[in-house]
Amino acid sequence: MDFSGLIDNFGPLTVTGLAQGAIIALFALGYTLVYGVLRLINFAHSEVFLLGTYACLFAWGLFGLDQNSAAPAVGPMLLYMVVGLVAAIIVSGAAALTVEFVAYRPLRRRNAPPLAFLITAIGASLFISEVVGVATHRNQTGVPPIIQARPVFTIGDTTVTNLQILIVLLALVMMFALDRFINGSRLGRGVRAVAQNPDSAALMGVNKSRVIALVFLLGGLMAGIAAVMYDLKIGVTRYDAGFLLGIDAFTAAVLGGIGNLRGALLGGLLLGVLQNYAAGLFGSQWLHAASFVLLVVILLFRPTGLLGESLGRARA
Amino acid sequence: MRQVLARAIGGVAIIGLIAGAAACNSGSSSDDTASEGNCGYKLAFFGALTGSAANLGVNIEQGFELAIDQYNKAKGSTCIEVAKFDSQGEASVAPGVARSLVADKKIIGIVGPPFSGESEAADPIFESAGIPTITPSATRVSLSSKGWKVFHRAVANDDAQGPAAAAYIKDNLKATKVFVADDQSAYGAGLADVVKTKLGSLVVATDKTEGDGKQADFSALVQKVSSSGATALFYGGYYTNAGIIRKQLTAAGWKGTLLGGDGMKDPGLSKASGVQAAVGTVVTCPCSPPEAAGGTFVNDYKAKWNQDAGTYSDVAFDAANVFLQGIDAGNTTPQKLNDYLKTVNYKGIANTYKFTETGELDPNFIKVWAFKFDSSGDAKADVEIKTS
Amino acid sequence: MSEKASFRTSGGVRGWFGRQPWYVRAVVILVFTVLAYLLPYAGDVPLIGPQIITEGVDWPSALFNMSYYVLLALGLNVVVGYAGLLDLGYVGFFAVGAYGTALLTSPDSVIYADTGWKWLMAVPAALVLTMIAGVILGWPTLRLRGDYLAIVTLGFAEIIRIVATSTTTLRGDRGFASIPHPPGSWNGEPIFGVTDAIPYFWLGLTVIILVILGVRNLDRSRVGRSWLAIREDEEAAEVMGVRTFKYKLWAFAIGAFIGGLGGVLFAGEQSFINSQTFVLQFSILVLAGVVMGGSGNMAGAILGGVLISYIPDRLRGLSFGDTDLYEYRFAIFGAAIILIMVLRPQGLIPSRRRAMELKDREKEVAPQ
């Protein structure tokens, strides 16, 4: 076997893998939050992310930016970043809430079996991505170069760019903030209570519906941020981008222990880096296969993921 | 009681859904043929109009429909009707769609199928129905060796384009370090394999990616290309992936040239990567530049569809015109039209069309041109590649 | 109260059916079977016929497509509906069946020189292969619970797809051509040709009927009762002496077998397969079909399998005013899935047994 592809590029592959992993981790939070509280795989979360990737493009389009624009100076760049993030967060958050209200809440009212939720999620996912597909003629949309990738420092042959630092930092900050929110705030306590035992929580006066809406909203916010980062890193979006990355994100969530916030971060980073190593070693076509092999192996030894399950129990 | 009510409502809703669908069923399968002035027939497009390959299919369909539109306008009536059959580009869907196509007896010619996979699944059905097909883009070599009499290919197959691309890299680009990658599609891998063999020791490294819509992060490929020291990357695949790869290569600071086959000759590439990054990207195509033909195709296409002509739009336009010319000459049955194709010698905008016994383009007419993306965001004719 | 008694006392069509003497039931079943075999000619029925048949896809072909979707739904129903194991990668088995056939019979296969079998000879070998695949997947993974199993099965199907795409032996996108059709001839013409899909549909329907009979027997046997116990409470079942692992593995192998049957039929009709068919969306769609129809109930699974194939096909050639709606058909399909699930959370034809379980649970639910 030819190891040179991996060994020669080890440093750069690690760095780009971490950046990709950070995006996956932010995306995975949505799966993990909803799962932790509702024990539900929210398949439509991938489309929440997809709408975010288009929302920030739309916002930038209002400034007359398209894929052919020149990279802006620092001042406007900051403005564009804030506007893009706000647009993506609003749209993704709203989309997540809409999915909850249209596809899940009616089912919960009727006490539907768990599988029914999964299927409406699939229906919602199909609906959103197809509507986007028809609206964009299934073409790709290029992203304006808001942040020009520039090397910041170099270790050996490994160059780290400003964009990579931004992505990883933003993911860590959001992660920390979310962790504080869930563990430190009053609302967060409600989330943990519902995650541990929905019925007792309801009896103790926690408004379950509001907690569930909050969880969807939080997942949507994180997906919105991930969407902007994705746009900047990948540079192109398309109607099936959500589905594609969604599989990775879901895998990462399970890998770290679904329902566990820190697990999502760990799983995401691990997955991003590992995919790059596999691509270096075996060729890019094996990238996704490698992530599933890793998943199976880890689940065989740790059946509930690396850090274990449960939003509530993990740090009660 | 409430449950019964809910059930009744559910049932009614579903029946309503189906009945509603049925109500707007646009039925049209009359079998009356014959009419005056060689009119009243249909030409069909068979290919992907929905699904992940739809953008390629739509390019072709629009070129095809434009030709028929112009013909009808010249005639002053809807002489030849357009029939569209959506195979979704999938071999598993194609047979059923093909069978429904052959059931329409007014259809006497087919432009398509665009992909080699669906061709394998659908062409046997067209063959047994005896309806002539001209594919504008299915370039798998083996398709012409199956003994199908109705099979015609309006482009050169993979064997013609690969050597030309390799020759361009060697002679025009004079690259000494080349990285070759492909998307594992039958088209892309076939092309890349030929290029690899022809370039021999110039190839410093290779890689493979997943297909269109199955991969978006190419950072591993980008890293390998950068560290290999290659000054040229040949990518066997379509413009969808190529656009992302070009963008990510530029973002990573790689300054070399991206090259590819006709599957990358589409303004969609620069729409994804941004014109700046795409400038200088070279695509080979076994076709002549449409502007060289002196026609108004490029402008007409833009006027009708409000977007630029894409990959294979011009070939599809020509293919439709080949059929229309045949119909005009009084070949109004599938059999006659198929016989007509054996003798056709038509100069279109992308090529001159004359078919061999097996339905391939006459090798004497195959010209391979290199096209280069310029600041307009589209690939413009560069040079004709000499292969020998 | 036994299950049967509950059927009889309940209202509706199924209650009526359960109350009839055996000969009435036999006649009803016979009539339905005959009608099913006559479906390819549905278009000839005045008034209703043209509304039912598909446009843009040949009707018998659409029926054949439905038949393998139904087979997949029936197989997945054993795994998900009976044993309660969530499988998101079920199409993997369909792929193994199809690839098994292709490897043994297509001239493009590397082992063609040694085998070069006819379709019929390849069927048992391909089916054994899928059952082995089911056991290989099940053995290590069935210890996982619920949603973890779901993601592992999903990964399994993706690995199969990627391996099929990326290895030269399985030919990826190039695929296998000239896979032989099923045997038989009539008046010197082969029955299973390329232009007429009706014989394929009849073959598919016959296989479906055999599968229904087989699964029905299993469900009423010790195996079926064990599945029920596992689905309801795995720990309790284990304590009561049900060898849960063994029966879960059985469910997987049987599900794989039925999925493989679908794959074998598919390869025989298409005569060409490549790696593009076996995408993840396909698995998810079949699962949607099973749950939409009514998980745990064969009639429901059949209806679900029919719908996921029929709705998108039927929506071709659909127009609203002057706009062609074919582009929107998957979006409409997605909306239809949501609508059906919201209106009928237990599925279109819910399993009575599961409906009763659900009612039990409803009583336990705390006030909101």
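## Close-up views of a predicted model

Figure 1. In chain A, 79% of the contacts with a separation of 6 or more are between residues 24 or more positions apart. The structure shown here and in the views that follow is a predicted model. Chain A contains 12 helices and 4 strands, and its radius of gyration is 19 Å, close to the 20 Å that the globule rule gives for 316 residues, so chain A is as compact as a globular protein of that length. Taken along the principal axes, the box filled by the C-alpha atoms of chain A is roughly 60 × 50 × 35 Å. Of the 316 residues in chain A, 60% are buried.

**Figure 2. Helix α8 of chain B and the residue that follows.** Helix α8 of chain B covers residues 239-251, a run of 13 residues, and from its first C-alpha to its last it reaches 18 Å, close to the 18 Å expected at 1.5 Å a residue. Because 13 of the 13 residues of α8(B) are buried, this helix is largely enclosed by the rest of the structure. Just after α8(B) comes B:G253, whose phi is positive, at about 90 degrees.

**Figure 3. The side of chain C that touches chain B.** The contact draws 39 residues from chain C and 35 residues from chain B. On the chain C side, at least two residues each are supplied by the helices α4 (48-52), α5 (59-82), α8 (146-166) and α15 (329-343), and by the strand β3 (319-320). The largest share of this side of chain C, 4 residues, comes from α15(C).

**Figure 4. The fold of chain C as a whole.** Chain C is built with 16 helices and 4 strands, and its C-alpha trace spans about 60 × 55 × 45 Å along its principal axes. A compact globule with 368 residues would have a radius of gyration near 21 Å, and the 21 Å of chain C agrees with this. Buried residues account for 54% of the 368 residues in chain C. When contacts in chain C between residues at least 6 apart in sequence are considered, 73% of them join residues at least 24 apart.

Technical notes:
Residues numbered from 1 in each chain as written. Chains lettered and ligands numbered in written order. Predicted model: local features only at pLDDT ≥ 70, side-chain atom pairs only at ≥ 80, totals over all residues. Rg over C-alpha atoms; globule rule 2.2 N^0.38 Å. Buried ≥ 20, exposed ≤ 12 C-beta atoms within 10 Å, placed from the backbone. Contact = placed C-beta atoms within 7 Å. Expected span 1.5 Å × (residues − 1).
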